Amino acid sequence: MITVAVIGNGGICPAHIDAYLRFPDRCRIVALVDIIPGKADRMKERFHLDCATYTDHHDILGLDIDLVDICTPPFTHAEIAINSLLAGHNVVCEKPMAASLEECDAVLKARDESGKKLAIIAQNRFRKEIRDIKALIASGIAGKVRDVRIDSFWFRAHSYYDLWWRGTWEKEGGGCTLNHAVHHIDMLGWIMGLPRRVTSVLANTGHDNAEVEDLSVSVMEYPGALATVTASVVHHGEDQKLIFQCEKARLSAPPDCFASITHPNGFPEKQPDVGFREEVDAFLSKLPALPYENHTGELDDVLSAIETDRQPAITGEDGRRTIELITAIYKSGSLHMPVSLPLSPDDPFCTVEGIRAAVPHFYEKTTSVTDFEGDIVVGGSQK
């Protein structure tokens, strides 16, 4: 039986607890931790858990706990992960992995020194449609990727940034690029790897109670291809999309594929290539079923990694790659220049201090509330 402590009992915590409760024969939540007095107790009562509650993560470091699950604000991720790993606990950490590449490297060092396992939450990789696109592109069935369009469209009203840790570079670490588009940027990195160069523009168009961006547009240069990534919390409808235009066909999430029939002169006919769609369906039918999706799918994998002594599917290196790409976006958007990848280890943007010294402060945070009522909404409409 794997014992679990969940640190941070705010918005995303219920998704994690729900997942663990799906596996009562494999794991048990033995501790909840939140710095706001009474918050862990309320979460305990909500889920009818038989566990201890704490207000300081240091209080659980010496306990017999197999897995520490970090659901706290981004600026605390590295410290809690390092402390937990060095205390002998396996760790799963919510996105983003850390507030800088320097912090990511410190977490990886602690993992290696401790010999424990480290997983970073990127639950969209455990969605069938994303798994299928990854497999199709890797197979080469649609040919080489030529253009990618990623619409990481979310909507958050003005009051969203009133929560005490949101809307500042110090505590949130960034805006929609880091804390919302991180999902889609992880998917892009998983499927395509790091680009050679990034050019970005940052803006705050609708939240004058936040220092950070609420909209960014980036063009990423890959060998033989371009990718355009829009990160936003100002899009009504949250119609998120990933579209890969390949040599032979278009592949998309939400699920869609289209292959053009062409005239000898190169112009397309209006009807699709039905034979290609049949080939895709035949390929996908051979892929194994996913027993669980989203957070449940990833936390099932983390439990399996501990049970079988293997590495989790989404490692610290995966989390670091996503932070490197986001760091390049912030550097490009702040300095108004293209940025080449990989970033040099001595680049000032690799440190929290370097980022804070260079990024734009669009507005000053004007309101700070301790907590909000109600649950968060996980994921956009994907339509």
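## A walk through the predicted model

Strand β7 (residues 145-153) runs parallel to strand β10 (residues 225-232), and seven bridges join the pair. Strands and helices here are DSSP runs, numbered from the N terminus: a strand is E with at least two residues, a helix is H or I with at least four. Two strands count as paired if DSSP finds at least two bridges between them. Strands of a sheet pair through backbone hydrogen bonds, in parallel or antiparallel fashion.

This is a predicted model, in which local features need pLDDT of at least 70 and side-chain atom pairs count only at pLDDT 80 or more, while totals for chains, interfaces and linings use all residues. Residues are numbered from 1 along each chain as its sequence is written, and side-chain values use heavy atoms, with hydrogens and water left out.

Now take the whole sheet. It is open and has eight strands, in the order β13-β12-β11-β7-β10-β9-β8-β16, with mixed pairing. β13 and β16 are the edge strands; each has a single partner strand, so one side of each lacks a neighbour in the sheet.

Helix α5 (residues 128-139) touches β7, β11 (241-246) and β12, and its direction makes about 160° with that of β12. Helix α7 (residues 182-192) also packs on the sheet, touching β7, β9 (215-222), β10 and β11. The direction of α7 makes about 160° with that of β7. Contact means heavy atoms within 4.5 Å. Axes are lines fitted to C-alpha atoms, for helices over the stretch in contact, and angles run from 0 to 180 degrees between N-to-C directions.

Look inside α5 at R131. Is R131 buried or exposed? R131 counts as buried, because its relative accessibility is 15%. The cut-offs are under 20% relative accessible area for buried, over 50% for exposed, and partly exposed in between, with a 1.4 Å probe and protein chains only. Leaving aside residues up to four places away in sequence, R131 touches R125, W190, L287, P288 and L290.

Helix α3 (residues 77-86) has its own buried set: H77, A78, I80, A81, S84 and L85. These buried residues pack against β1 (2-7), β4 (67-70), β5 (90-93) and α4 (101-114). After α3 comes G88, with a positive phi near 100°.

Next, helix α1 (residues 13-21). Its axis comes within 12 Å of that of helix α2 (residues 39-47), and the two cross at roughly 40°. α1 and α2 are therefore oblique to each other. Angles under 35 degrees count as roughly parallel, over 145 as roughly antiparallel, 65 to 115 as roughly perpendicular, and the rest as oblique. From α1, C13, P14, I17, D18 and L21 meet M43, R46 and F47 of α2. By class, this contact has six nonpolar, no polar and two charged residues. Ala, Val, Leu, Ile, Met, Phe, Trp, Tyr, Cys and Pro count as nonpolar; Asp, Glu, Lys and Arg count as charged; the others, Gly among them, count as polar.

α1 also packs on α9, at an angle of about 60° with the axes 9 Å apart. So α1 and α9 are oblique to each other. Their crossing is right-handed. A15, H16, A19 and Y20 of α1 make the contact with H295, T296, L299 and L303 of α9. The residues of this contact divide into five nonpolar, three polar and no charged.

Finally, the backbone. Most residues other than glycine have a negative phi, and most peptide bonds are trans. N294 has a positive phi near 55° and is not a glycine. N294 is in helix α9 (residues 294-308). N294 counts as partly exposed, because its relative accessibility is 33%. H336, also not a glycine, has a positive phi of about 55°. H336 sits in the loop between α10 (316-335) and β16. H336 is exposed, with a relative accessible area of 70%.

The bond joining L341 and P342 is cis, with omega about 0°. P342 is in the loop between β16 (339-340) and α11 (352-358).

Notes:
A crossing is left-handed if the near helix is turned anticlockwise from the far one by less than a right angle, and right-handed if clockwise.
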